[in-house]
Structure formats: C-alpha cells, structure tokens
Amino acid sequence: MSKRKTRSPLDLAGVSEVPPIKRRGGLQSGRPLMGEIGFIGLGHMGAAMAANLAAAGRPVIAYVRHPDQIGQLEAIGLRPTTDIGDLLDCEVVISMLPDDDAVREVVFGRRDDDLDGLAAGLIPGAIHLSMSTISTAAASLLAGEHARLGQGYVAAPVFGNPDAAKARQLFIVAAGVPADVASCQPIDPQDANLVKLLGNMMSATALEMLGEVVAVVRKRGLNPQSFIDVMTSTMFGGRAHKIYGDKIASQTYAPGFVLPLVLKDVLLALAEAEKAGVPMPSVNVVRDRLITGIARGYGGLDWTALGLIAEEEAGLVPVAAVAAE
C-alpha cells in the first residue's frame, strides 16, 4: 500500500488543510475517500478548483450542461459528462454554483424534464460538499434532505476569486457533522453560509469605501496608487485592501466576482440581518451602488467596479472599463 498521505477534497481544491473525510452508512466507516470526485459548477471558480484536484492526482468527473465545454475541461485533466447520473456513484460530489435556485435544482432535480437530482441518486453515506454561497435557509433545507436519505452534507463556502483559486489561496468556512469534516467545529451547515455572507459584506463595504476615497484622491489630482501604497503598508494591510485597492487605483475591473452575483449575496445578507432585527446601513449603500452599476451596463465587471461607480458619481470621467478575461 502506498504511504502517500491522503488529502481531503478541500485541501486538494486549494483551500485549507482538512483531515480525510470518513464514510458512514452505506460506505465503509473510517475509510478515506476513494475513486472519482464529482464536480458540478464549472465556472471560473469551479473550473480552477476542479483543475487543482486533477493536478493533485485525484480523478474528477465534471458535469456540464453544454457539450461545447467538454474540450476545455478535458484540457485541464477532467472527465466531463453531460449526464448528471454519471456522478451518482461518487463518494463525494462538490458543487460550486451561483445561487440557491441552481443548488436546489441540482439536489432536488427539475420537474419540467423529469431530471432527478443528487438527493434521489447519491448512494447512502456519500457526501454533497457544497462550496456555493447560498442562503442559510437553503443550506438548512439541503442538509435536512441529505440527512433524511442517509447522505452527508458539508457546507464549505469559500473566500477568494478565480485567481486565488488557481493559486491555491482560497479560504473556506467548513461546517457539518464531525464524521464528515473532522477538523470542523460541530456547527450547523447554515451557520457556515451566514459567516460567508457576512464576510462578503465586509469585503463589499471595504471596496465601496476604497472606491470613494480613491475618487477623492483622484479628483484632487493626487496619485491614487501612492495613496493605496501608504494605506496598505500602515493601518490597512489586510488582503482585501491590498488586492482590491491596487485594482481600484489602476482602474482594473476585469470580470471576477461580477456585480449581479455580488448583489445576490448582498440581498441574502440583508435578509438575514432583517430576520435578526439588525440594520446594515453601509450594506444598503453597497446594494444601491450595485444596482446603479448594473443599470449602467457594468453587470459583467468585477466588484472592484464599485470604484468606477464612485468615480462617475464624483463627476470624474474614468478610463474605459476593462472587461477582458
């Protein structure tokens, strides 16, 4: 037997170091994951994460709806399929999908064409590893359905963008029962999604403020990059300020976390805050800015385009928005 250390899907996806996930129910208890890993959601983030798995030697079968993606996925070492049924024998299926509706459709299927979902088809003891940013209500619903059918559910939303995924620099908030994620505190899966949503709000409000202050600096005729360099080397040295501050200063808004997806997270976070009776005025400002940007045709740009919107509101004429991949 090989002495090579078995690593978890989270680790191989370039996120955090997590001990091997163990099987229960219909699969042998205490045995590390073997065989192919299913992957659903092969956008910019998902493709980078799945490619990391394949590069680390794990066989990945990737479900896509459109055959025109097959060649691209084969080129990064995946085994693509247009039949979700090919994933149902996997011991773990990872999903990296844009919103609640997409995840629910994958788990529960589509009634309009009699497509069964993961819940109906996964073998007992298999794990659905959801790395999507979804609502706490959706996470609770999915966890309950998988548990009812003897399957595992781990919520593991990620912090980071596609570039961070490619560089294996994502951070995760993992939650589930200890048998599924041994290194994670036994918190409810929906709590992981709340943490992720609130973390995104901290980043979004930081981006909004960066956009506003850079607009002031630019309008006063000063060098915005010098300003960002001073701030990030002193009081504001966090990753969000350094990474996104440079992009806003250089007016780089290439697609990453595009504005409609940011708005989706903002609305989910505001709904959670309303349920808790907590006002979030700064997040409401971000919501309005995002709606403004989308209305102006910036929906395909990264959330650093909050800086572009701030410049326009200040009466500046920004350079043409960078929309290249």
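**Close-up views of a predicted model**

**View 1. Just past helix H2, Gly-57 has a positive phi of about 95°.** Helices here (H or I, at least four residues) and strands (E, at least two) are DSSP runs, numbered from the N terminus. This is a predicted model, in which local features need pLDDT of at least 70 and side-chain atom pairs count only at pLDDT 80 or more, while totals for chains, interfaces and linings use all residues. Residues are numbered from 1 along each chain as its sequence is written, and side-chain values use heavy atoms, with hydrogens and water left out.

**View 2. Helix H2 (residues 44-55) is mostly covered.** Of its 12 residues, 10 are buried, where buried means under 20% relative accessible area, exposed over 50%, and partly exposed in between (1.4 Å probe, protein chains only). Among the buried residues are Met-45, Met-49, Asn-52 and Leu-53. The end C-alpha atoms of H2 lie 17 Å apart, which agrees with the 16 Å that its 12 residues should span at 1.5 Å a residue; the expected span is 1.5 Å times one less than the number of residues.

**View 3. Six strands make an open, parallel sheet in the order E3-E2-E1-E4-E5-E6.** At the edges, strand E3 (79-81) and strand E6 (152-155) each pair on one side only; two strands pair if DSSP finds at least two bridges between them. From one strand to the next, the twist averages 20°. Helix H6 (residues 136-148) packs on the sheet, touching strand E5 (127-130) and E6, and its direction makes about 160° with that of E6. Axes are lines fitted to C-alpha atoms, for helices over the stretch in contact, and angles run from 0 to 180 degrees between N-to-C directions. Elsewhere in the sheet, three bridges join strand E1 (residues 37-40) to strand E4 (residues 92-95), and Gly-38 has Val-93 as its bridge partner in E4.

**View 4. The largest nonpolar core has 31 residues.** Such a core is a set of buried Ala, Val, Leu, Ile, Met, Phe, Trp, Tyr and Cys residues joined through side-chain atoms within 4.5 Å. Leu-207, Val-266, Leu-290 and Trp-303 have the most contacts inside this core. Its largest share, eight residues, comes from H11. Leaving aside neighbours within four places in sequence, Leu-207 is in contact (heavy atoms within 4.5 Å) with residues including Tyr-244, Ile-248 and Trp-303.

**View 5. Asp-265 sits in helix H11 (residues 259-276).** Asp-265 counts as buried because its relative accessibility is 1%. Beyond its neighbours within four places in sequence, Asp-265 contacts Thr-133, Leu-197, Asn-200, Met-201 and Phe-257.
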